[in-house]
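Subject: Structure handover and findings

Hello,

Here is the structure we spoke about. Please open it alongside these notes.

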Amino acid sequence: MERIITISSNNLPKSITTKDILTEKLQNAGFTVCDILHPQTELIISIGGDGSFLQTVHDFEFPEVPILGINTGHLGFFPDFSPSDIDLFIESYLMGDYIVQEIPVLQSTVCTKSNCNDVFAINEVVVKGYKSRTIHLSLGINNHHVQNFSGDGLIVSTSTGSTAYNYAASGSIIDPSINVMQITPLAPINTNAYRSFTSSIICSKDSIVKISPEYRFEDSILIIVDGVEYQFKQIVSISTFVSDLKVKLLRMSNYEFWSRVTEKFL
């Protein structure tokens, strides 16, 4: 039976060279290699960094088959192999010496005065002011009002995304084996007029986080999903929760999250 692997790459020279070498070696190992998501694809390989991996997932619309990352950028959390590991990867893959990590996906239902639209994220959904203006938001969790927030915006991240924008905004790093959501404020305002929480809120995977802008800010909101900006007119609410979707990430059998954290940040 034909075994098909799909390769996606960014346009950096190093990535293109890596793709050519990988394609040749996979073909020599008996695989058929293609650029599109063939119906019989058994594995997707993303060449680049974390951004390329996220782009691959979105381009292929959160595929059910596992995805492997080969890192040609800075040290990231998704790509597990370097170009020098290609032979090791092929050998390990043929022998079944790997693990598959399931990554939870956030779903945000953005409702305007006319309709509702769903967007999906691996790392985070960010609600912030258009052109970096201060905004005022109502934050609720599970139909309970938590706070009227004032500041630059709010990040709702997965555990997987806790090391991305969330960490840059002073959010907590969470072990990705713990399936929770984290709400992290961006430049919260604390004055006599406005009182906003200044640290992250951790809530369970079964929670629904609802963010609603004050009416005069309904056209001043940006929704940023895994780094991609969306602007909707007359937003009424953004409800975010952990969806039933999962992304399967193929990793080396000896992968250890906290070792990667040490390499990345210390």
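Start with strands 5 and 6 (residues 116–121): six bridges join them, and they run antiparallel. In this pairing Val110 stands opposite Asn117 of strand 6. A hairpin of three residues links strand 5 to strand 6. Strands here are DSSP runs of E with at least two residues, helices are runs of H or I with at least four, and both are numbered from the N terminus. Two strands count as paired if DSSP finds at least two bridges between them.

Some ground rules. This is a predicted model, in which local features need pLDDT of at least 70, side-chain atom pairs count only at pLDDT 80 or more, and totals for chains, interfaces and linings use all residues. Residues are numbered from 1 along each chain as its sequence is written, and side-chain values use heavy atoms, with hydrogens and water left out.

Strand 5 again. Strand 5 (residues 98–112) also pairs with strand 16 (residues 235–252), antiparallel, over 14 bridges. Ser108 faces Thr240 of strand 16. Eleven of the 15 residues of strand 5 are buried, so the strand is largely enclosed by the rest of the structure. Buried means under 20% relative accessible area, exposed means over 50%, and partly exposed lies in between (1.4 Å probe, protein chains only).

Next, helix 2 (residues 50–59). Ser52, Phe53, Leu54, Thr56 and Val57 are buried there. Their cover includes strand 1 (4–9), strand 3 (41–48), strand 4 (67–71) and strand 16. Contact means heavy atoms within 4.5 Å. Just after helix 2, Glu61 has a positive phi of about 55°.

Two loop residues also deserve a look. Most residues other than glycine have a negative phi. Asn142 is not a glycine, yet has a positive phi of about 55°. Asn142 sits in the loop between strand 8 (135–141) and strand 9 (144–151), and is partly exposed at 36% relative accessible area. Ser170, also not a glycine, has a positive phi of about 70°. Ser170 is in the loop between helix 4 (165–168) and strand 11 (180–186). Ser170 is exposed, at 65%.

Six strands form it in the order 12-11-10-7-14-15, with antiparallel pairing. Strand 12 (201–204) and strand 15 (228–230) are the edges, each with a single partner strand, so one side of each has no neighbour in the sheet. The twist averages 20° from one strand to the next; axes are lines fitted to C-alpha atoms, for helices over the stretch in contact, and angles run from 0 to 180 degrees between N-to-C directions. Within the sheet, strand 10 (residues 153–158) and strand 11 run antiparallel and share six bridges. Ile155 has Thr184 of strand 11 as its bridge partner.

Last, the largest pocket. It holds about 160 Å³ of space. Of its 14 lining residues, Asp50, Phe77, Phe78, Thr160 and Thr163 are the closest to the centre. Helix 5 (residues 257–265) gives the largest share of the lining, three residues. By class, the lining has seven nonpolar, four polar and three charged residues. Asp, Glu, Lys and Arg count as charged; Ala, Val, Leu, Ile, Met, Phe, Trp, Tyr, Cys and Pro as nonpolar; the others, Gly among them, as polar. A pocket is an open set of points on a 1 Å grid over the protein atoms alone, where a 1.4 Å probe fits, with protein on both sides within 12 Å along at least five of seven lines; lining residues have an atom within 4 Å of a point. Volume is the space filled by probe spheres set on the points, which are joined across faces, edges and corners.

Best wishes
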